[in-house]
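Biologist: I would like to learn how to read a structure like this one. Could you take me through a few features, one at a time?

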Amino acid sequence: PVLPEGWSGEKDFKAIGSISAATQRTIEPVGPHFLAHARRARHKRTFSEDDRI
Amino acid sequence: MSAEEAPAQGATPGERVAIGISFGNSNSSIAVTSFDDKAEVIANEDGDRQIPTIISYVDGEEYNGQQAKQQLIRNYKNTVAYFRDYLGQDFKSIDPTHSHASAHPQEHDSTVAFTIQDKEEGEPSTVTVSEIATRHLRRLKQSASDYTGKQVNSAVITIPTNFSEKQKAALTKAATHAGLEVLQLIHEPVAALLAYDARPESKVADKNVVVADLGGTRSDVAVIASRGGIYTILATAHDYEYAGVHLDKVLQDHFAKDFIKWHGTDPREDQRSMAKLKLESEATKKALSIGTNANFSVESLAEGADYASTINRLRYETIARKVLDGFNRLIEGVVKKAGLDVLEIDEVILSGGTSHTPKIAKNFAAIFPESTNILAPSTTPTAINPSELQARGAALQASLIQEYESEDIDQSTHPAVTTVKHLTNAVGVLSITGDESKDCVPARRTIHINVPKEGGDVLVKIVEGGSHIKVTKEEPAKTNGNKDDDSDEDSDDEPEERREKIWKVGKVLAEASVKDTKKGGKVEVMINVAGDLAVTVTAREVGAKGGVRGTLSAP
């Protein structure tokens, strides 16, 4: 949508809420994408850190 | 995976030769990955890719697979079949129905055993189900070793989703005794999904998948959420009433009744006649999955009389209707159990031997909307052979992890798996469909949105959303007298219900503005949800530098 008149936010960003609901579930330890996830989890890396390697 | 610690033979990762094994009650198969990471199901020395899970002894000689299956006619007492589900069970909890026509399971200490004459001379021996499984796996391992020319020493084995820890431990132990280090036990439906996702032409996508594993003695259906290539099982169902043997039985009864008409005796009352009837019915069923006509003929079926007949597919589908409808109810039930609607299913994977039946795929196609991919040989020309999916998935997983130390596999499977939160609502940018819910966090998605034609400043609104099923009733189309005759069949009197999936906008999470976008440009919005549910939003115009970046704190 087009920016409405008079909209402002700090550094052009306005935080309004945070994510409300999440449930604990079990993922399947299978496949290349899981292994990448497990690698990040074990080294406590984030996506962008992982991308750089 | 607790049972995986300290594998007996302890091969170092570099020396591993790993294969994928699908170990079923009725059939097993083995798969290897070639140098270019393609999985291939390999044949045993009989030339079978689907190797019957049967082991038989004649004069002290061991037979397995198809050769053992033939022994069900003459030598059923020394033939063990349908034993996979007895592993790790006590005698009271097993269902021995399918073993009536072969060696009977019996109680032995805390486990199940069989009394068979497996030596040339002397008394019959009591062999535990664990030992039977070991012998079977040893034969599979030998076949794979002969094929690859290398000594196979490790494997990834597929298991049903409802296998208990005790059953897993028993299977691992049996495999270890057969000289196979179990790298990992993976769930059958997930293996099937992996086999499809690993194909070079498939893209990683967020999708809901139903895997229908229709086997010989049981049918298992699972609903899996695939997000960023990571799989989460949402619901499963297991059924022992609607499976391949029940389709076989339909044919057995059909031909037995016909035989009675001609000869007056019921071949189902004699053990040997029944065994012949069973084997040939299964062969006829398989032929009906390929052709529209099939022969059924048995030499000396009962009382020395030969029997030959034919059946066409249409007739078979009519007499098997009750069983076929059972599969429909099973798949509908599990989608409901996952809290989803058929409209929310993107893919249905048919796996297992019974999935070759064309009518089953056709029925499923009728249940799901047209947009749903039904992956079966009769509906999708590029579908993978349903019988091979699990072994392929296992082989792919084996090639991925065979370089790892077994400690690493244990560590990264357990804690990493369970401590993951899944979003219940979708998060997305207003005016387009958002990211799917049931995403496991941390997750990251990037989307491109067209800016309004004239360019200028753009407001990006990040919201939560949920999908709903909207039901609208359509008035029956008005028809004039002329057209009435030929449109009679497809226009019912009831107003037709139209159901569609819509997105409902939930809580607004953030707003961001991107200034001075060019005409016809695109805005890239990246939303990153961290493990603690903090959200980072980055918005910038494609091609431009800088952009807006903001963070929402964790709740």
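Biologist: Which strands form the open sheet of chain B, and in what order?

Modeller: Strands of a sheet pair through backbone hydrogen bonds, either parallel or antiparallel. In chain B, five strands make an open sheet with mixed pairing, in the order 15-14-13-18-19. Strands (E, at least two residues) and helices (H or I, at least four) are DSSP runs, numbered from the N terminus, and two strands pair if DSSP finds at least two bridges between them. This is a predicted model, where local features need pLDDT of at least 70, side-chain atom pairs count only at pLDDT 80 or more, and totals for chains, interfaces and linings use all residues. Residues are numbered from 1 along each chain as its sequence is written, chains are lettered from A and ligands numbered from 1 in the order in which they are written, and side-chain values use heavy atoms, leaving out hydrogens and water.

Biologist: Which are the edge strands?

Modeller: Strand 15 (230-239) and strand 19 (373-375) of chain B, each of which pairs on one side only. From one strand to the next, the twist averages 15 degrees. Strand 19 of chain B pairs with strand 18 (residues 347-351) in the parallel sense, over three bridges. In one of the bridges, B:Ile349 has B:Leu375 of strand 19 as its partner.

Biologist: Where is B:Ser371 placed, and is B:Ser371 buried or exposed?

Modeller: B:Ser371 sits in the loop between helix 9 (358-367) and strand 19 of chain B. Buried means under 20% relative accessible area, exposed over 50%, and partly exposed in between (1.4 Å probe, protein chains only). With 62%, B:Ser371 is exposed. B:Ser371 and B:Ile345 are 26 residues apart in sequence, and their C-alpha atoms are 8.9 Å apart in space. For chain B overall, 52% of the 555 residues count as buried.

Biologist: Now for helices. At what angle do helix 4 and helix 10 of chain B cross?

Modeller: Two packed helices are described by the angle between their axes and the distance between the axes. Helix 4 (residues 188-197) and helix 10 (residues 389-401) of chain B cross at roughly 80 degrees, and their axes come within 7 Å. That makes helix 4 of chain B roughly perpendicular to helix 10 of chain B (under 35 degrees is roughly parallel, over 145 roughly antiparallel, 65 to 115 roughly perpendicular, the rest oblique). Among the residues making the contact are B:Ala191 and B:Ala195 of helix 4 and B:Gly393 and B:Leu396 of helix 10; contact means heavy atoms within 4.5 Å.

Biologist: Which kind of pair do B:Phe296 and B:Tyr307 form?

Modeller: An edge-to-face one, 5.9 Å centre to centre with 65 degrees between the planes. B:Phe296 lies in strand 16 and B:Tyr307 in strand 17 (residues 305-312) of chain B, so the pair ties together parts eleven residues apart in sequence. B:Phe296 is buried at 0% relative accessible area, and B:Tyr307 also counts as buried, at 5%. Together with B:Phe255 and B:Phe259, B:Phe296 and B:Tyr307 form one aromatic cluster.

Note on methods: Rings of Phe, Tyr and Trp (its six-membered ring) pair if their centres lie within 6.5 Å; planes under 30 degrees apart count as stacked, over 60 as edge-to-face and the rest as tilted. Axes are lines fitted to C-alpha atoms, for helices over the stretch in contact, and angles run from 0 to 180 degrees between N-to-C directions.
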